[in-house]
Amino acid sequence: MPTDLLDRRLLFVTGKGGVGKTTIAAALGQLAASRGKRTLLCEVDAKGNLAAAFETSPTEFEAREIAPGLWAMSMDTEASLREYLKLQLKLPLLSRLGPLARTFDFVANAAPGVKEILVVGKLCYEVRERHYDLVVVDAPASGHIVGQLAAPQAIGDLVHVGKVRDQTGWMQDILSDAATTGVVIVSTPEEMPVNETLELAGRLGTETPVDLAAVVVNRVLPELFTRGEEEVFRALREPAAVAALVDAVGGPVEPVLDGADLAVKMRRTRAEHLGELRTGLPAGTELLYVPELFQRTHGVRATGQIAEALSAELGY
Amino acid sequence: MAAARHSPSAPPASSLEPLLAAKEIVICCGSGGVGKTTTSASAAAMAAAHLGGKVLVITVDPARRLANALGLERFGNVETQVPPALFAEAGIEPRGELWAAMLDTKQSWDELVRSHAPDARTRDAILANPLYENITGRFVQSHDYIAMERLYEIHASGRYDLIVVDTPPTRNAIDFLEAPDRMADFFSSRLLRWLTVPARSRVFTMASKPFYTVADRILGSQFLQDIAEFFLLFQTMYDGFVDRARAVTRTLSDKRTTFVVVSTLEAAPVREAEFFIDALRDRKFPLGAVVLNKVLPDWFGDRGATWSAQRLCTDAEPLAAAVAKVDDDVGDPTQLARVLAEVGESFLNFQVVATREADQRAELAEEATVLAAVPYADHDITDLGGLLELGASLWR
């Protein structure tokens, strides 16, 4: 039985750059919160896009309630390390951690997987401690997510003893439980995003223990015409018809017709990519469609509209 | 020259031609998904076709279709010439040659180690080290450095007149600008020296002791020793690496190099483009142009057309009846009315987006002098002709 998307506890939202990953993560978080779940949204690539999606002040490592039931934070590996040291090692000399953490950050940069595990560790920790019903992660783009999700395994392979090693087991348990954790890949019906989505779906299966929960197809263009209407439209583009229409309207109509033509062509190209996506994904993958919204701005209003679209797709 | 057909407020777009003609290295950067790879390939194709000389495009992860468009089945780390026959198919006799190469991070790292390792034993030890495998293979932080390093290597070889680089998708658009410096800093750091002192002979100073205590407890001393061993090996390449990293930075700020910021007019990419422009300015790296991709045609902003579109929505039925009266090829008036209303509404929908785009564009125009705009392509690029067609809008 497939688990309902929002009934999982930890969702990593990823996708190719530019597909609207942050907006979808924000909308999923908002939707979950509106359905009564205590939800934490976490931005991993702190670019401030998450704050923009809610038109709120920049998020910090310390989670902040930005709407009823909805908390937001941004990942910070150094802060994550501090928290970890405080919680796990009960280390004295915390006052000396300033320069220490910086040095550590240095090693973490060079030693593979340490940074990644500080990110994944913090997220899994929030899940394990049940601070929230659901944690939605605005995760790194598809090129980086596999390294992050595979980090506990990689560390487990590289490090044979020590605290970090001890920590990887319970993280693996959380990550590999499909009822708890899932990845949501955001795509658009365009060539590269579709390719990357298919590639990532494959890599998730072979290189990480994490389940592919759903694929969200963003910016799906509405069907403009039925088949019959399209014929009418084509007839309308003949010079005689255009002249008649210009007369009737009393203003320029060519650009308006060109606009519809562009919309039809764009939709057609996108429909092909959508087909490739559908056939390329593992059978049974949940696909959610979000329409192109033609918004004036990106912000709270757009986030809300997308949350509504997702809600309808999820059958709420 | 005749004015554009319906042209509202869009600032005039300038050409990339003089830039490509004057420089030796063009680095295309911007956030993911803005069409950087296609822009790089089409700029390089235009340069090869119209300016002549040997032109190389280095891309990171081209779409299969793009590789096909360049006639390359195997798009590898090795530079490959795009078959001249493809230019002929596109109806163009190129003045120069177009070459393409892909960035293979792992392979490039291996080559770097081979050229800098002091002896065969060290070289093999590094290549076989599990940490090395991980750093270069599984994790991607090293992408950005290696891209710049390879660019440097190829440029220094003097094999090309022009090199166009498609930068890797980094977490942060400016990462690769700082990568050479970071690499140099890393190799000269005191921490590295501490780490690489053999464990038994380590003299714990007051400063280093807490570090080891914590690091031991977290990572385990074995892992720490593995790290130390790895860096010890790596340190043998210190001089070569640091010199190299410095040289790479010098190349980036050289007069022969220019940066092209690629963006769409969506909010997030524009934010990142602006950030990037500032970063280039701060570091005194030369910004040559801003290329805007997937720009909606400016006639979406046309006032007369807007008025017409509104009429189509509100008066679809009487308008349909009037048209059907003069022209009976357009079919049933009821159906025609639905089509007219759809056409009007679609125009107004896209106009919302186009208006926002024009606004973003005006903002960017204040930041950078040269702006080339590429219209929204309603089809995918499948051959060199398509790339050149796209390139034409960079060339006007």
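**Buried elements, sheets and cores in a predicted model**

Helix 6 of chain A, residues 142-149, is largely enclosed by the rest of the structure, because eight of its eight residues are buried. The buried residues of this helix are S142(A), G143(A), H144(A), I145(A), V146(A), G147(A), Q148(A) and L149(A). The model described here is predicted.

Chain A also contains an open sheet of eight strands, with mixed pairing and the strand order 3-4-2-5-1-6-7-8. Strand 3 (64-67) and strand 8 (287-291) of chain A stand at the edges of the sheet; each has a single partner strand, so one side of each is left without a neighbour in the sheet. On average, neighbouring strands of this sheet are turned by 25° against each other, direction ignored. Within the sheet, strand 1 (residues 10-15) and strand 5 (residues 134-138) of chain A run parallel and are joined by four bridges. L11(A) stands opposite V136(A), a residue of strand 5 of chain A.

Two residues of chain A have backbone angles that call for comment. Most residues other than glycine have a negative phi. R130(A), which is not a glycine, has a positive phi of about 55°. This residue lies in the loop between helix 5 (114-128) and strand 5 of chain A. R130(A) counts as exposed because it has 9 C-beta neighbours inside 10 Å, and the cut-off for an exposed residue is 12 or fewer. R219(A), also a residue other than glycine, has a positive phi, near 60°. R219(A) is placed in strand 7 (residues 211-220) of chain A. With 18 C-beta neighbours inside 10 Å, R219(A) counts as partly exposed.

Chain B has 18 helices and eight strands. Of the 396 residues in chain B, 45% are buried. Among contacts in chain B between residues at least 6 apart in sequence, 79% join residues at least 24 apart.

Strand 2 (residues 53-59) of chain B is mostly covered, with five of its seven residues buried. Strand 2 of chain B runs parallel to strand 4 (residues 96-102) of chain B, and seven bridges join the two. In this pair, L56(B) has W99(B) of strand 4 as its bridge partner. Strand 2 of chain B is also joined by four bridges to strand 5 (residues 162-166) of chain B, again in parallel. Here the bridge partner of V55(B) is L162(B), in strand 5 of chain B.

Helix 13 of chain B (residues 238-253) has 16 residues, which should span 22 Å at 1.5 Å a residue; the end C-alpha atoms are 23 Å apart, which agrees. Buried in helix 13 of chain B are F241(B), R244(B), A245(B), V248(B), T249(B) and L252(B). These residues cover an arc of only 140° around the axis, and therefore lie on the same side of helix 13 of chain B. D239(B), D243(B) and R250(B), on the other side of this helix, are exposed.

In soluble globular proteins, nonpolar side chains tend to be buried together. The largest nonpolar core in the model has 122 residues, and V26(B), A44(B), A45(B) and V323(B) have the most contacts inside it. Helix 17 (residues 333-367) of chain B provides the largest share of this core, nine residues. Apart from neighbours within four places in sequence, A45(B) is in contact with L98(B), L384(B), L387(B), L388(B) and G391(B). A second, separate core has 81 residues, including L10(A), L134(A), A150(A) and M171(A).

Note on methods. Residues are numbered from 1 along each chain as its sequence is written. Chains are lettered from A and ligands numbered from 1 in the order in which they are written. This is a predicted model: local features need pLDDT of at least 70, side-chain atom pairs count only at pLDDT 80 or more; totals for chains, interfaces and linings use all residues. A residue is buried if 20 or more other C-beta atoms lie within 10 Å of its own, exposed if 12 or fewer, and partly exposed in between; C-beta atoms are placed from the backbone. Two residues are in contact if their C-beta atoms, placed from the backbone, lie within 7 Å. Two strands pair if DSSP finds at least two bridges between them. Axes are lines fitted to C-alpha atoms, for helices over the stretch in contact, and angles run from 0 to 180 degrees between N-to-C directions. A nonpolar core is a set of buried Ala, Val, Leu, Ile, Met, Phe, Trp, Tyr and Cys residues joined through C-beta atoms within 7 Å. The expected span of a helix is 1.5 Å times one less than its number of residues. The arc is that of the directions from the helix axis to the C-beta atoms.
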